[in-house]
Amino acid sequence: GKDKTVRVWDFDKEKRKRKLKHPRLVNCLAVAKESEKPVLVTGCGDGNLYLWDIKYGVVIRVFEGHLEKVYSVCLWETHEILIASASGDNTIRVFDALTGECVCTLLGHKRA
């Protein structure tokens, strides 16, 4: 949020588990539900994505490539984790969460 934090909650216990101190304003996030390791990804105003280890509250990897703010992010969990992000630069980028590589860039989108 605007306070540069992400709060992780345990809904069953109605209790906050962790407060992640973020380097930038957070515009969007997605959580990996099926992953061996609990992770989430945040999209920010600096055009970057941040992959977090929820258990330890640390950034695992930063994904760069967008030229403007990231407004939307989602995760695909198969035998790998893919991250798709949409930005004000009118691109959608797909990253491999394990390698950090941008595997695909879709161009020409309006109002991503």
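## Exercises on a predicted fold

R24 is partly exposed, at a relative accessible area of 42%. Here buried means under 20% relative accessible area, exposed over 50%, and partly exposed in between (1.4 Å probe, protein chains only).

The model is predicted, so local features need pLDDT of at least 70 and side-chain atom pairs count only at pLDDT 80 or more, while totals for chains, interfaces and linings use all residues. Residues are numbered from 1 along each chain as its sequence is written, and side-chain values use heavy atoms, with hydrogens and water left out.

**Exercise 1. Find the partner of R24 in a salt bridge, and state which parts the pair ties together.**

Step 1. Apply the cut-off: a side-chain nitrogen of Lys or Arg within 4 Å of a carboxyl oxygen of Asp or Glu.
Step 2. R24 meets D46, with the closest N and O atoms 3.2 Å apart.
Step 3. R24 sits in the loop between strand 2 (15–21) and strand 3 (26–32), and D46 in the loop between strand 4 (39–44) and strand 5 (49–53), so the bridge ties together parts 22 residues apart in sequence. Strands are DSSP runs (E, at least two residues), numbered from the N terminus.
Step 4. D46 is partly exposed, with a relative accessible area of 26%.
Step 5. Count. The structure holds 1 salt bridge.

**Exercise 2. Work out the strand order of the open sheet of 4 strands, and say which strands stand at the edges.**

Step 1. Two strands pair if DSSP finds at least two bridges between them.
Step 2. The order is 3-4-5-6, and the pairing is antiparallel.
Step 3. Strand 3 and strand 6 (58–63) are the edges; each has a single partner strand, so one side of each lacks a neighbour in the sheet.
Step 4. From one strand to the next, the twist averages 25°. Angles run from 0 to 180 degrees between N-to-C directions, along lines fitted to C-alpha atoms.
Step 5. Count bridges. Strands 3 and 4 share 6 bridges. Strands 4 and 5 share 5 bridges. Strands 5 and 6 share 5 bridges.
Step 6. Pick out residues. L29 stands opposite T42 in strand 4. L51 has R61 in strand 6 as its bridge partner.

**Exercise 3. Decide how many residues of strand 4 are buried, and which way they point.**

Step 1. Recall the pattern: in a regular strand, side chains alternate between the two faces of the sheet.
Step 2. V39, V41 and G43 point one way, and L40, T42 and C44 the other.
Step 3. 6 of the 6 residues are buried, so strand 4 is largely enclosed by the rest of the structure.
Step 4. Look at the hairpin of strand 4 and strand 5. It has 4 residues between the strands, and G47 there takes a positive phi near 85°.

**Exercise 4. Is D53 buried or exposed, and what does its side chain reach?**

Step 1. D53 lies in strand 5. D53 is the bridge partner of V39.
Step 2. D53 has 5% relative accessibility and counts as buried.
Step 3. The D53 side chain reaches the backbone nitrogen of K55 at 2.9 Å.
Step 4. List contacts (heavy atoms within 4.5 Å). Leaving out residues up to four places away in sequence, D53 touches K37, P38, V39, V58 and I60.

Note on methods. Polar contact = N/O pair within 3.5 Å; in protein donor to acceptor, adjacent residues only side chain to side chain.
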